[in-house]
Amino acid sequence: MPTTAPILMYSNTMAADMRHVITNEVHDPFLYAEVDGRQYTAIKSLEVARMQAIDGMTVFPLETLGYDDFRAQGQDPDTAELNALVEACRRIGIDEAIVPPSFPLEVADHLRSNGIVLRVDRDEFVARRRVKNPAELAGIRRAQIAAEAGVASVAAALERATVDTDGGLLLDGEPLTCENLKLGIRAAFLKNGCDDAGLIVAHGEQTCIGHHAGSGQIFEGEPITVDICPRDVESGGNSDMTRTFVKGEVNEELAMYFRIVKESFDRTLAAIRPGLPVAELHRISCEPMIEAGQPTQLTKAPGEVLIEGYFHSLGHGIGLEVHEAPGLGQNDAVLVAGDVIAIEPGCYRQGFGGVRLEDIVLVTETGHELITDYPYDLTPVAISRGA
């Protein structure tokens with residue numbers, strides 16, 4: 001159930017909890033308060049006009065909260081602002097509030113020293129953002145178009161590449177590197193109204209090393225993991241997409257990894273619905289790996305650190321952050337209609353590499369909607385996506 005307690009946040013709008021309620025891009029941190037459904041901000045005068053344009057927002061410029069008087073008393077700008085925030089809370093009538101885990105310690109200490117009781121409530125702030133609002137969902141969809149355009153740029157480059165005598169890939173006579181492919185992805189992001197919230201183009205044994213960003217020349221026959229996270233500039237909504245490609249012949253081990261990862265993906269996708277415990281979804285994703293004799297988080301010994309097989313969880317929620325609730329592992333979360341989740345099973349061997357596939361999925365009232373629309377084949381084929 002939503003809380004009835006007053007809410008306080010202090011950040012800029014790069015912070016997801018703040019961006020969820022304030023869509024204006026504000027670079028400097030400011031105080032936001034909610035009391036009985038009413039919204040308030042205490043903010044620098046530079047941002048007042050845009051904040052006043054938000055329907056129902058009561059705005060306190062810092063000057064009206066005594067900031068200039070505090071400065072005249074010899075207080076430095078930071079202390080004067082802290083005291084203005086105390087005055088804002090008094091005018092709003094807040095003597096107790098809940099805050100997100102990211103609430104700045106300095107601000108919390110100052111408010112508490114002036115009699116305002118603050119309590120961190122992680123669950124409340126997670127719940128506020130689980131169900132995506134229409135603007136956020138539209139932004140996620142735009143980001144996914146950019147993701148597909150980015151992956152398509154890699155597939156086109158790999159398809160066009162030739163193989164040198166040492167097995168290295170060449171594009172237009174020059175070594176084809178992870179760095180080259182990343183430039184093409186970033187260009188695709190920009191053309192589709194997005195910036196870069198995370199970018200992996202790794203090859204060979206790099207593909208088995210967690211979030212290794214990838215570097216160097218790519219070679220024939222090795223796995224190439226493309227795991228990219230564009231952020232829609234307008235909304236702040238993110239997407240997350242992974243494909244694995246191979247230029248040239250696919251060896252038997254890599255083909256086996258692809259087969260069981262795709263089976264894991266398909267079984268997982270088919271099971272997604274509201275009310276399903278995420279631990280059960282993770283268990284379903286592990287089944288094909290276990291059947292193939294690969295280690296998983298479900299079958300490892302207590303305390304064992306997995307570094308190959310299906311060594312990570314199924315995935316995560318996605319929205320105004322790339323990784324947000326619900327985590328898709330062995331925890332107590334349950335899927336709800338309005339969740340957007342990224343499912344990304346994978347299987348790997350150290351010193352060799354592996355395969356990972358990832359798409360984003362909207363949990364609906366009756367089941368799910370696969371938002372991603374892109375082929376899964378290991379062989380890179382140029383297709384048209386995005387702008």
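I began with an open sheet of five strands, ordered E14-E13-E15-E18-E19 and paired antiparallel. Strand E14 (324-328) and strand E19 (368-370) stand at the edges with a single partner strand each, so one side of each lacks a neighbour in the sheet. From one strand to the next the twist averages 25°.

I noted my terms here. Strands (E, at least two residues) and helices (H or I, at least four residues) are DSSP runs, numbered from the N terminus. Two strands pair if DSSP finds at least two bridges between them. The model is predicted: local features need pLDDT of at least 70, side-chain atom pairs count only at pLDDT 80 or more, and totals for chains, interfaces and linings use all residues. Residues are numbered from 1 along each chain as its sequence is written, and side-chain values use heavy atoms, with hydrogens and water left out.

Next I took one pair. Strand E15 (residues 340-343) and strand E18 (residues 359-363) are antiparallel over four bridges. Valine 340 has leucine 362 in E18 as its bridge partner. Helix H7 (residues 134-160) packs on this sheet, touching E15, E18 and E19 (contact: heavy atoms within 4.5 Å). The direction of H7 makes about 155° with that of E18; axes are lines fitted to C-alpha atoms, for helices over the stretch in contact, and angles run from 0 to 180 degrees between N-to-C directions.

I then looked up an open sheet of three strands, E10-E11-E12, with antiparallel pairing. Its edges are strand E10 (194-203) and strand E12 (241-246). E10 and E11 are joined by eight bridges. Alanine 202 stands opposite threonine 225 in E11. H7 lies across E10, E11 and E12, at about 150° to E11.

Aspartate 227 lies in strand E11 (residues 223-232). I count aspartate 227 as buried because its relative accessibility is 5% (buried: under 20% relative accessible area, 1.4 Å probe, protein chains only). Its side chain makes a polar contact of 3.0 Å with that of arginine 356 (N or O atoms within 3.5 Å; within protein, one must be able to donate a hydrogen and the other to accept it, and residues adjacent in sequence count only if both atoms are side-chain atoms).

Last, helix H4 (residues 77-92). Its 16 residues should span 22 Å at 1.5 Å a residue, and its end C-alpha atoms are 23 Å apart, which agrees (expected span: 1.5 Å times one less than the number of residues). Aspartate 76 caps the N-terminal end, with a side-chain oxygen 3.0 Å from the backbone nitrogen of aspartate 78. Just after H4, glycine 93 has a positive phi of about 95°.

Notes
Buried means under 20% relative accessible area, exposed over 50%, partly exposed in between (1.4 Å probe, protein chains only).
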